[in-house]
Amino acid sequence: MEIFFWGVRGSIATPGPTTVRFGGNTTCVEIRDGNSFILIDCGTGIREAGTFIMKNRGMGIEIPILITHTHWDHIQGFPFFIPAFIPKNKIHMVGPSMFDTPFDQVMAAQMQYSYFPVNFNQLGAEISYEAAQEQSLILNGFKVTPKYVNHPVRTLAYRVEKDNKVICFLTDVEPYYDVIYGGKAPEDEDELQDFLEVQETIEEQNQGLVEFCRNADVLVIDAQYTHAEYMTKRGWGHTSMDDAVQIAHKANARQVLFFHHDPTRHDNELEKLLDVYRQQVDQLTNTSIVSLGAATEGIAVKA
Ligand SMILES: [Zn+2]
Ligand SMILES: [Zn+2]
């Protein structure tokens, strides 16, 4: 089993000479094993994935697509996904259950005539939807386990398993933190009790994230910011590189790949940051991490 990266950039597509090494397309990845595959997310990277599928896998096929969430950088490539226009193709989308608008309606809304010349209802492929629970399902021979994570909209992380190998994909996720007391000390006994309960819940939730990634052969994890950058961007729904390394270490992950690269992050800067964080990994005692890199467009990583 391997993960192939069609798009690795966070927030907005960033083509150009300063991002060409790691890639400028927004999120789309493919989990592959022989002829079986699953796509995750429909960022701008899915356009090339569609071309590849048409050329190498033909028509009249089943295409499972896992959606992490419906922020633009994760769905905006879908109208350019050619296999969706082909009759007899079957696309099965699994995504988050939403509180207000169901996620199939959100997906369809970006293809209203105000935004796009072809309406969603005109697509040739048969498209079905499934709102994910935190329960495992089998798709194209892969065991897929979704987990809801901390982000400004309902968002899923995915753990994919096959033949005793594990790939975990966590993009657009922020560790839980104290939004109630925000580092302030409790003022009295009553508040102290509440304060302690809040801290315990945060600890439990963050430990849940670690357990979800337990023993991953490949952990692809949101690492949009450095620690310093994160301090001014709290609540935006992303992880610092420092926290990403810590989560990977606690989870006993083997190969770790930073993901959702900031649109302002040039290739040279990302290379330098990788050196810094590799040193951090070297200083960890008893770590399972054997490699730390950055997800790169057009590159596959084996589990
Ligand atoms: Zn994103
Ligand atoms: Zn997002």
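I began with the largest nonpolar core, which has 72 residues; the members touching the most others are Ile167, Cys168, Leu219, Val220, Ile221 and Ala248. A reminder to myself: this is a predicted model. The general background is that nonpolar side chains tend to be buried together in soluble globular proteins.

Next I picked Ile221 and asked which residues it contacts, leaving aside neighbours within four places in sequence. I found Leu170, Thr239, Ala244, Ile247, Ala248, Val256, Phe258 and Phe259.

Ala244, Ile247 and Ala248 sent me to helix 6, residues 241-250, where they are listed as buried along with Met241, Asp243 and Val245. I recalled that residues three or four places apart on an α-helix point the same way, because there are 3.6 residues a turn. What covers the buried residues of helix 6? I noted helix 4 (189-212), strand 11 (218-222), strand 12 (255-259) and helix 7 (267-282) among the covering elements. After helix 6 comes Asn252, and I read its phi as positive, near 60°.

I traced seven strands in an open sheet, ordered 7-8-9-10-11-12-13, and the pairing is mixed. Strand 7 (137-139) and strand 13 (291-294) are the edges, each pairing on one side only. From one strand to the next, the twist averages 25°.

Do strands 7 and 8 run parallel or antiparallel? They are antiparallel, with three bridges joining strand 7 to strand 8 (residues 142-149). I also looked up Ile138, and its bridge partner in strand 8 is Lys143.

Key
Residues are numbered from 1 along each chain as its sequence is written. Chains are lettered from A and ligands numbered from 1 in the order in which they are written. This is a predicted model: local features need pLDDT of at least 70, side-chain atom pairs count only at pLDDT 80 or more; totals for chains, interfaces and linings use all residues. A nonpolar core is a set of buried Ala, Val, Leu, Ile, Met, Phe, Trp, Tyr and Cys residues joined through C-beta atoms within 7 Å. A residue is buried if 20 or more other C-beta atoms lie within 10 Å of its own, exposed if 12 or fewer, and partly exposed in between; C-beta atoms are placed from the backbone. Two residues are in contact if their C-beta atoms, placed from the backbone, lie within 7 Å. Two strands pair if DSSP finds at least two bridges between them. Helices (H or I, at least four residues) and strands (E, at least two) are DSSP runs, numbered from the N terminus. Axes are lines fitted to C-alpha atoms, for helices over the stretch in contact, and angles run from 0 to 180 degrees between N-to-C directions.
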